[in-house]
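This report walks through the architecture of a two-chain model. Please look at the sequence and the structure before reading on.

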Amino acid sequence: MLDMTGRGSRREALKTLGIAGAVGALGLFRPRPARAADKLVIGVIYVGPRDDYGYNQAQAQAAAAIKKMPGVTVVEQEKVPETTDVQKTMASMIEQDGATLLFPTSFGYFDPHILRMAERYAKVRFAHCGGLWTEGKHPKNVGSYFGYIDECQYLNGVVAGHTSKTKKLGFIAAKPIPQVLRNINAFTLGARSVDPKITTQLIITGDWSLPVKEAEAAQSLIDQGVDVLTCHVDSPKVVVETAERRGVFVCGYHANQATLAPKGYLTGAEWNWLTPYTMHVKDAQAGKPLVNFLRGGLKEGFVKTSAYGRAVSEAARKNADGVKARMMEGDFVIFKGPLKDNTSKTVIDAGVSQKQTDVVLEQMAYLVEGVIGKV
Amino acid sequence: MTRQERGAAAEAVVLPVAALAAAMVLFGLFVAALNQNPLEVYALIYRGAFASAFSWQNTLVRAAPLILTALCVALPAQVGLMMIGGEGALVLGGLAAAVIGHFLGGAAPLAVELAMAAGAMAVGAAWIGLAGALRHYRGVNETISSLLLTYIAIAVFNHLVEGLLRDPASLNKPSTMPIGEANMLGHLPGLDVHWGLGFGVIFCVAMYVLVARTTVGFALRIVGGSGRAARLAGLPVGGLVLAACGLGGAAAGLAGMVEVAAVHGTANASLIAGYGYGGILIAFIARQQPLAIVPVAVLVGGISASGGMLQRRLDLPDATVLVLQGVAFMVILASEALYGRLKIFRPAA
């Protein structure tokens with residue numbers, strides 16, 4: 001870059017001198033190092049803004065909490081796309097900040113980005129949110145953590161079922177993938193456990209963050225008579241706000257959105273990432289091997305429900321609390337036979353119980369009876 | 001070089017550098033208002049983007065796709081068209097590359113890679129060529145049509161990736177079948193930067209030669225100056241318009257192929273990362289000059305690389321980088337008004 005040989009004009013020489021001078025001057029101001037000899041440096045990477053009232057905020061809340069743990073330094077970077085950008089961001093945290101434990105939080109960071117970096121930096125721990133790690137296929141310095149949030153979605157459904165007067169619920173979803181379908185189905189099963197006449201009208205927007213489409217979908221569902229909305233998109237903000245403005249009820253997702261809808265917010269399915277974050281941080285500090293496969297539901301503290309809003313009736317609270325207690329005991333199964341999909345095909349035979357840990361659930365490709373929509 | 005030429009050359013270097021310096025001062029005031037020490041911020045920007053081999057490679061990797069997508073704006077601009085649909089050509093080019101890569105999977109890697117590149121470039125060329133043809137033959141505004149075509153391209157892309165072409169094993173992240181590790185493009189020798197950078201630089205140099213040093217390029221610029229004059233001079237205006245659009249689209253399609261073949265190994269929604277739109281900015285700052293695209297893209301790559309440093313060390317939000325980028329580009333564009341107006345660059349003959 002600074003090769004200016006063979007161009008001996010005075011101007012060029014002056015320019016070179018100028019650049020050299022500037023570089024020298026910059027060197028005098030040594031930036032604060034993130035690295036400290038005895039501290040564990042942790043890097044957290046988000047695909048969107050940290051204050052999105054959704055997926056990223058749920059992760060950022062955990063990051064903010066582990067910052068307070070002794071001997072820990074946290075460096076964060078937001079709005080990092082799932083391209084080579086995230087590879088370079090991971091490498092920068094490792095090379096420039098001295099990070100040895102990374103939480104690259106977006107689902108799409110895993111393959112190929114985390115796998116590439118894990119190969120190159122074999123001594124660094126990569127804890128990925130989403131549950132893709134497979135024994136024998138993926139490196140040992142990579143781990144997955146994820147939560148059974150469909151438990152909270154089921155509870156959302158119970159509360160929604162009690163609250164709805166029109167018996168029409170609305171669900172706005174990003175993509176028809178197994179994780180999302182499982183939430184839609186759990187929500188609907190919860191609601192129909194209260195009243196089997198209830199239906200869930202589904203709208204799929206096509207992508208994780210499409211605020212305009214999400215608002216339009218919410219408006220159109222409300223126009224069709226839906227009086228309780230929920231969603232599975234990166235930021236539930238516009239759905240929650242639209243519901244509040246139109247005077248209908250709403251169940252939250254990812255994080256707590258109660259402040260956005262003081263009148264209509266019923267409850268919500270929230271992540272509690274502090275649990276897996278703390279486990280990974282403690283293991284790293286103790287030098288124990290990385291736990292590659294980390295999962296849990298309400299019982300294990302990986303997910304939680306938002307506090308009930310004002311509009312939630314006594315009967316709804318009682319019913320939902322009862323189911324929640326059984327989930328905490330570990331004897332409640334959401335997906336059990338006989339279960340039919342919305343084309344009347346049997347998807348789980350009578351007598352079959354698919355517990356949370358059952359991997360069949362992770363290939364879900366159907367919508368249960370009562371959902372109006374198509375995969 | 002005559003004195004006038006030297007004056008013009010000096011102007012072309014001094015003005016942007018001075019504009020950049022002015023932008024840095026403005027940005028310094030901005031961060032000072034946020035209670036940060038501007039000198040520390042400058043030092044971090046420099047460290048993040050250019051201080052070491054690591055940061056240089058970080059910068060170059062970010063610049064690579066933008067070089068190609070900027071050409072998708074700069075080449076149609078030679079014939080006076082303002083195409084902003086590079087994103088569409090990129091995603092469809094990437095999709096074509098992924099499909100070709102999968103179906104030719106077992107052949108010799110070099111042949112597979114060439115076929116992927118050729119297919120992606122052909123699809124990209126056809127896509128932008130379509131907007132050019134709509135403009136030339138039907139009078140449809142190319143800026144609007146290329147933008148709308150991008151939405152169509154993304155919809156078609158998602159439809160195919162989540163439907164017909166979906167790899168059944170890609171459960172929660174719908175993707176096409178992988179092209180296979182053997183067919184992946186490697187890194188540039190000695191660098192941790194993939195071949196996309198090499199392709200971009202070669203493409204820019206070739207386009208510079210074409211535009212500035214050949215009769216075809218001269219003809220393109222005549223069409224850009226005045227289509228009617230070009231027609232009166234007997235130039236095949238339609239063919240030249242389609243050629244310029246096709247070349248631009250081919251560059252964006254190639255960017256899509258690089259994303260698939262050097263980064264993702266498959267086509268999925270991660271391809272829709274906004275590189276097509278990033279290229280528009282770069283082409284304008286480079287004043288639609290193919291050679292100038294390379295340093296401008298490196299500058300943008302550097303800003304983006306150092307943005308991470310600012311976030312991590314000073315806890316500044318990502319938006320800070322957008323402020324820096326915005327300030328830098330506004331000042332550079334404003335400085336264009338000064339070209340030809342400063343006496344020091346206009347020595348009396």
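The model is predicted: local features need pLDDT of at least 70, side-chain atom pairs count only at pLDDT 80 or more, and totals for chains, interfaces and linings use all residues. Residues are numbered from 1 along each chain as its sequence is written, while chains are lettered from A and ligands numbered from 1 in the order in which they are written.

In chain A, domain 1 gives seven residues to the contact between the domains, and domain 2 gives 10 residues. Two residues are in contact if their C-beta atoms, placed from the backbone, lie within 7 Å. On the domain 1 side, three of these residues are nonpolar, three polar and one charged. Here Ala, Val, Leu, Ile, Met, Phe, Trp, Tyr, Cys and Pro count as nonpolar, Asp, Glu, Lys and Arg as charged, and the others, Gly among them, as polar.

## The parallel sheet of chain A

Helices (H or I, at least four residues) and strands (E, at least two) are DSSP runs, numbered from the N terminus. Two strands pair if DSSP finds at least two bridges between them. An open sheet of six strands in chain A has the order β2-β1-β3-β4-β5-β11, with parallel pairing. β2 (72-77) and β11 (293-296) of chain A each have a single partner strand, so one side of each lacks a neighbour in the sheet. Neighbouring strands are turned by 20 degrees against each other on average, direction ignored. Axes are lines fitted to C-alpha atoms, for helices over the stretch in contact, and angles run from 0 to 180 degrees between N-to-C directions.

Strands β3 (residues 101-104) and β4 (residues 125-129) of chain A run parallel and are joined by two bridges. Opposite Leu101(A) stands Arg125(A) in β4(A). Helix α4 (residues 110-120) of chain A packs on this sheet and touches β3, β4 and β5 (142-147). The direction of α4(A) makes about 165 degrees with that of β4(A). Helix α3 (residues 84-97) of chain A lies across β1 (40-45), β2 and β3, at about 165 degrees to β1(A).

## The mixed sheet of chain A

Another open sheet has seven strands in the order β12-β10-β9-β8-β6-β7-β17 (chain A), and its pairing is mixed. Its edge strands, β12 (303-305) and β17 (371-372) of chain A, each pair on one side only. Two bridges link β7 (residues 199-204) of chain A to β17(A), and the two strands run parallel. In β17(A), Val371(A) is the bridge partner of Thr200(A). Helix α7 (residues 211-223) of chain A packs on the sheet, touching β6 (168-173), β7 and β8 (228-232) of chain A. The direction of α7(A) makes about 170 degrees with that of β6(A).

## Backbone exceptions

Most residues other than glycine have a negative phi, and most peptide bonds are trans. Which peptide bond ends at Pro112(A)? The bond from Asp111(A) to Pro112(A), which is cis with omega near 5 degrees. Pro112(A) is found in helix α4 of chain A. The bond from Gly337(A) to Pro338(A) is cis too, with omega near -5 degrees. Pro338(A) lies in the loop between β13 (335-336) and β14 (339-340) of chain A. Tyr53(A) has a positive phi, near 60 degrees. Tyr53(A) sits in the loop between β1 and α2 (55-66) of chain A.

## A helix pair in chain B

Helices α5 (residues 109-138) and α10 (residues 237-264) of chain B have axes that come within 6 Å and cross at roughly 140 degrees. That makes α5(B) oblique to α10(B); angles under 35 degrees count as roughly parallel, over 145 as roughly antiparallel, 65 to 115 as roughly perpendicular and the rest as oblique. The contact of α5(B) with α10(B) has 19 nonpolar, 10 polar and one charged residues.

## Where the chains meet

Chain A brings 32 residues to the contact, and chain B brings 29 residues. On the chain A side, α1 (10-28), β2, α3 and α6 (178-194) each supply at least two residues. The largest share of that side, nine residues, comes from α3(A). By class, the chain A side has 11 nonpolar, 10 polar and 11 charged residues.
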